[in-house]
Amino acid sequence: MSEQQAYEPKIVAFLCKWCSSAGSDLAGVSRIQYPANATPITVPCSGSVSPMYILSAFKKGADGVLVSGCHIGDCHYMEGNFLARRKLHLVKELLGFIGVEENRFRMSWVSAAEGGKYAQVVKDFVEDLRPLGPQEKLKAQRT
Amino acid sequence: MTKKRTGVFVCHCGTNIAATVDVSRLAKEMANEETVAFSKDYVYMCSDPGQNSVIDAIKENNLDSVVVTCCSPNLHEKTFRDNAIRAGISGFTCEIANIREQCAWVHKDRGEATAKAIKISRSAIRRVARNKSLDPIAVPVTRRVMVIGGGIAGIQASLDIANAGLEVILVEKLATIGGHMLQLSETFPTLDCSQCILSPKMVEVSRHPKIKLMTYSEVQEVTGAVGNFRVKVLQKPTFVDAEACKLCDECTVVCPVVVPNEHDLGLTSRRAIHIPFAQAIPASYTLDESACLGLNPIRCGKCKDVCEAGAINYDMRPQTVVEDVGAIVVATGFDLYPQEKILEYGAGNVEDVLDGLQFERLCSASGATKGHVLRPSDQKEPKEVVFIQCVGSRDPAQHCAYCSKICCMYTAKHARLYKHHVPDGKAYVFYIDIRSGGKGYEEFVQRAMEEDETMYLRGRVSKLHRTKDGKVRVAGTDTLTGQNIEIDADMVVLALAMQPSKGTEEIAKVLKIGRDKDGFLAEAHPKLKPVESVTGGIYLCGAAQGPKDIPETVSQASAAAAKVIGLLSSDTLHHAPTVARVRSSHCTGCEMCVTACPYKAIRLENGKAVVNEVLCEGCGSCSATCLRAAIEVRNVTPLQVHEMIEACLSV
């Protein structure tokens, strides 16, 4: 097996507990299969995802980071996803600025009723990450 | 901080998890984690013996925290937290690692799934290692309830709640309560008169000492949370003092403005000043501002002049009323799918093609034709009537994908009513299937076919149009004989789909509750929480939640009422203690969190942020904003999240 084939992108997925986490539950209940690359962390709201979490994930060796929240206008806490969108857009720019491919970070809006969409988001993200290869730029060098 | 003693409990969920995840390996590997003092796997952790084994393990091993790796926390977080409390530790030191929905059910490869389950479980263990034992925050509750929507659902819910001794505010958008049920002539499957069974309930509402009725009013804004909502209601002016009005009807006689009557769906007309119908509650007239010549004695003023009781007041203004309530029931009902969208059936432009509600008004003794079935175009008795089912329903390509559930029954009812009114007439029904599940329903449809000799034709109508001799030509196919059929009918009745009432989207936004893909209000769980919305303290009932008939609506309304009564049965509620906490030593008073908080729960005191724990909902917007990590949500602190990230990326 060549090295390129062995590479499996490691993704940390921050899921809002009100929508995307429930959406991923629905994908489970519907038995919709998707790659096992993304490990979910359920958070109270996409607005609670600090830019530091994303950088921290890259530093700890993530090849991609996904933040998935409620559709704009549907936030359980009224405006958390607006805050998330504003803040995390800047993270994307920052990543570009420091030389990390912007595509390694993705936001999606998946409601509790969109199990299929969550599975698709993960599938697409994994496929888009493959050509980028492992993320080395921010990964802390540990001996 | 002393090191935690965590117990890890791996559930097989029968074979649901165990088939894909190597549960024994998971349990063994988790035992090696630094904070884990005990680990085991078991076939059904949520069963009674499973839960007891958790309690025993906590006691025997002196555990102070628990991670259960099983299904979604939405299902069993409460189960295992309550169980932890039974074992004598805090429920908030119990966390769920979801390895079923988010792992075992979505992956096939055993190796990959097991590796992911290990990461998910390790992440929960790391989180729990820094979880604090917390006690729920007690919050005083307002023991009053708001019911939005005054149809049969809202009326039933209001009466049930008020009869339990709680104060109810019933808010209705229109000038009277009663809803669509009051437009019906008879109801299936007993053919009892709709008004006769509803009117007494409406009167009961108006006379109930515990019910405050607010008609012609709309909910504008809702703040607060379960137990303590503050609702702003806009009361539109009716320009008639309901107390003073003597119902003499003089005003409608002189009013020069004639507009279509909504209650009769445009089959009759009304004046600008009108009473929706004779049995309206409150029994009073309403001056329709949009139709009136101008609310100005110089321009018209005829109604004011003629009113001997002096009940008419042109100076009434909209009023905003603020009500504090502990719970809200949403019963905003349905509308029919618009005929204009059904292009193949003339988009509402073909005369004598009626919708189901219009036909009800034709049959009703209080309706347009005083209970004689006469077609609108020439007021003659129709001798051939075609009823078409599933108009707009079960048509994912063009209209609604869902089944509107009640149309099979009401079409059978319409056919029977028609035959009772016009015994020598012919009734045809075009149908896809007959769905008549319900007590006495199938027998009812059979009677429509046998006793009342309705001709049921299985197939869809492709088009209809008006012929020169004043008939409506209906072209369809009978799929059982394979023949094309053309019927020159005198009248056609469409069983239009039910859709959420106009304004459902707005009210869902105001209340911050979700809607499903079809726009109906979404219940918290399709099976186990059918009357709860996703927002605590807000309940749903009636056709706003999905198409349903009257018996089902009434049961759901009573169910919602029971939930409200249960919620407000004590003076205090418990609020999750996972709220924001300020580390004062780190806070610089920059106010970033104050701006970020959607609940206005943070204020500055002596240059430091202070959190109102009752208002805080624990969303974490503040903590993601703070540059100095001076504010964090309890048990989801940045430190915990960083450790969870590390666990997710472990091998």
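I looked up helix H6 of chain B, residues 152–163, in this predicted model.

I found an open sheet of five strands in chain B, in the order S10-S7-S6-S18-S29, and its pairing is parallel. Which strands are at the edges? I have S10(B), residues 211–214, and S29(B), residues 538–540, and each pairs on one side only. I recorded an average twist of 20° from one strand to the next.

I then checked one pairing in the sheet. S18(B), residues 327–330, runs parallel to S29(B), and three bridges join them. Val330(B) has Leu540(B) in S29(B) as its bridge partner.

Last, I looked at a pair of helices in chain B. H1(B) covers residues 23–31 and H5(B) covers residues 110–129. I read a packing angle of about 40° and axes 10 Å apart. H1(B) and H5(B) are therefore oblique to each other. H1(B) passes H5(B) in a right-handed crossing.

Which residues of H1(B) and H5(B) meet? From H1(B) I listed Arg25(B), Leu26(B), Glu29(B) and Met30(B). From H5(B) I listed Thr114(B), Ala117(B), Ile118(B), Ser121(B) and Ile125(B). Sorted by class, the contact has five nonpolar, two polar and two charged residues.

How values were computed: Residues are numbered from 1 along each chain as its sequence is written. Chains are lettered from A and ligands numbered from 1 in the order in which they are written. This is a predicted model: local features need pLDDT of at least 70, side-chain atom pairs count only at pLDDT 80 or more; totals for chains, interfaces and linings use all residues. Axes are lines fitted to C-alpha atoms, for helices over the stretch in contact, and angles run from 0 to 180 degrees between N-to-C directions. Helices (H or I, at least four residues) and strands (E, at least two) are DSSP runs, numbered from the N terminus. Angles under 35 degrees count as roughly parallel, over 145 as roughly antiparallel, 65 to 115 as roughly perpendicular and the rest as oblique. A crossing is left-handed if the near helix is turned anticlockwise from the far one by less than a right angle, and right-handed if clockwise. Two residues are in contact if their C-beta atoms, placed from the backbone, lie within 7 Å. Ala, Val, Leu, Ile, Met, Phe, Trp, Tyr, Cys and Pro count as nonpolar, Asp, Glu, Lys and Arg as charged, and the others, Gly among them, as polar. Two strands pair if DSSP finds at least two bridges between them.
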